[in-house]
Amino acid sequence: MYVSVKGGERAIRAAHRLLAHRRRGDRAVPEVAADQIREQLSLAVDRVMNEGSLHDRDLAALAIKQARGDLIEAAFLVRAYRTTLPRFGASRPIDTGAMAVERRVSATFKDLPGGQILGPTFDYTHRLLDFALEGESEVPVAEVAAVPPAETAMPRVTDLLGDEGLIEAEPPACDGAEVGDLTRAPLRVPAARDLRLQQLARGDEGFLLALGYSSQRGFGSTHPFAGEIRIGEVAVEFDVPELGFAVPLGLIAVSECQMVNQFAGSSVVPPTFTRGYGLAFGQSERKVMAMALVDRALRTEELGGEAVHPAQDQEFVLAHADNVQATGFVEHLKLPHYVDFQAELALVRAMRREHAARAETAADAFEEAAE
Amino acid sequence: MSREAVSRSSLPEDPSIAARRAVMALVAEATAIELRAVRAIAPVGVVDLRAPETGLVMVRGRIGGTGAAFNLGEATMTRAAVRLPSGATGFGHLLGRDPARARDAALIDALWVEGTRRDRLEREILAPLRARLDRDARLRAAEVASTRVDFFTLVRGDD
């Protein structure tokens, strides 16, 4: 039971003013600008766009500044802003095969058409703090190299395997089929894969990382290989009824992970590798790898297994992946529960009285028996 | 590369639509300042059919990259529509929340559709924009190419 409590207005006003003051920090230090966050903390921006489920680099940067760097709070701010805007429609599905690739690696084939392109990665760094970044250092511009003959084809690893029939085919898209949208209808389990992927795409990176990790450690292993990770820009197109054709809206950066996992098959279908898929806004490699692991784990039942581990359990995963929902329910505990607690206090006191009375009666009975 | 991808991904279509879409794809990558130049080309008496309006587009992906569609997440977008005194109408649909940029995009589309000022549009806006984007794309591709792994370097021993 919640009751309204009056009298906190002045304290709340002062607390918000103090928040703004503390957010500013030492005023001898220059204030950080939202565009600096957008440009220089771009992976935090990407994370907020994913968990806020809204692609807008400027808004995400502003939210990070306003939230003092609390990325879940920032995602919350972005989600709240989103509700103020009308939705014009849905895009055509983006074509990650036509990506302007910034990074593309495969752990399954050393020499693959299009090559291995490391891009701007933390991999192979020694994780030693770089004290040169403490001051304003001259950052050398990137190296350049000759670009291989125009249009070096960069086929998907899954397509290479698919050509030989070694990996399960992705069920073809039936155009016109309704695409599930959990922002319009409550998510129910069991949920179809489109809805599961939507929830994972907006899910908390830490939660998905832990679940993916748990599956690797034996809580529902899928024997995964990172078939391909690609990061880069894709075009977004939008059908405009007045025009009768799809209009290019611009480019967005996305990360994609194709996880290749151990086998499915039956007496009639020969064994094939199975798939797990991850897709997210921006450069979000850890997120899409974890997402692909969890996507595959959630397919356990449809591939003939039994869902016994947390990562395989749709309700467990889908109901708890959204950190804005989770923080809402966890953090509501700090709001006034004075009346509930008065009831609990009265209850525990009554129980203690009864307990004491019972103990006294038992002691009397014992004494009487002893005499 | 990506702009070519835009044109490539569409179905076979009317060449005039393809050309209009190609201009739109170019404009969609332009900065607000690059598009502002259109105001000097536009005639007086432009009517706003749809004042710039910001909203959301649900961005979709495909399961496994090639399968059925799913909703990845929303993106902000802004749209506008204008009519020139000649009657030509133009539309601007751009990611982001910049109303002036969307209206300038609509102006460019209208001028392209009208057809009589295409030379000036091409000379003053589209050609410089195309050159800038090509330059950026080439630089980006060259930077990325420097991180391509050459597994043979260590064992070649031929120099």
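How much area do chain B and chain A bury between them? About 6,200 Å², with 64% of it on carbon and sulfur atoms. Buried area here is the accessible area (1.4 Å probe) that two parts lose on being put together, summed over both.

Before selecting anything, note that this is a predicted model, in which local features need pLDDT of at least 70 and side-chain atom pairs count only at pLDDT 80 or more, while totals for chains, interfaces and linings use all residues. Residues are numbered from 1 along each chain as its sequence is written, chains are lettered from A in the order in which they are written, and side-chain values use heavy atoms, leaving out hydrogens and water.

Select both chains. In contact (heavy atoms within 4.5 Å) are 59 residues of chain B and 77 residues of chain A.

Next, select A:Glu237 and B:Arg21. Their side chains form a salt bridge, 3.5 Å from N to O. The rule asks for a side-chain nitrogen of Lys or Arg within 4 Å of a carboxyl oxygen of Asp or Glu, and it finds 6 salt bridges across this interface.

Now select the elements of chain B that each supply at least two residues of the side touching chain A, including α2 (15–28), β1 (47–62) and α5 (118–145). Helices (H or I, at least four residues) and strands (E, at least two) are DSSP runs, numbered from the N terminus. β1(B) gives the most to that side, with 11 residues.

Finally, select A:His55 and B:Ala75. A:His55 stands opposite B:Ala75 in β2(B).

How values were computed. Pairing = 2+ DSSP bridges.
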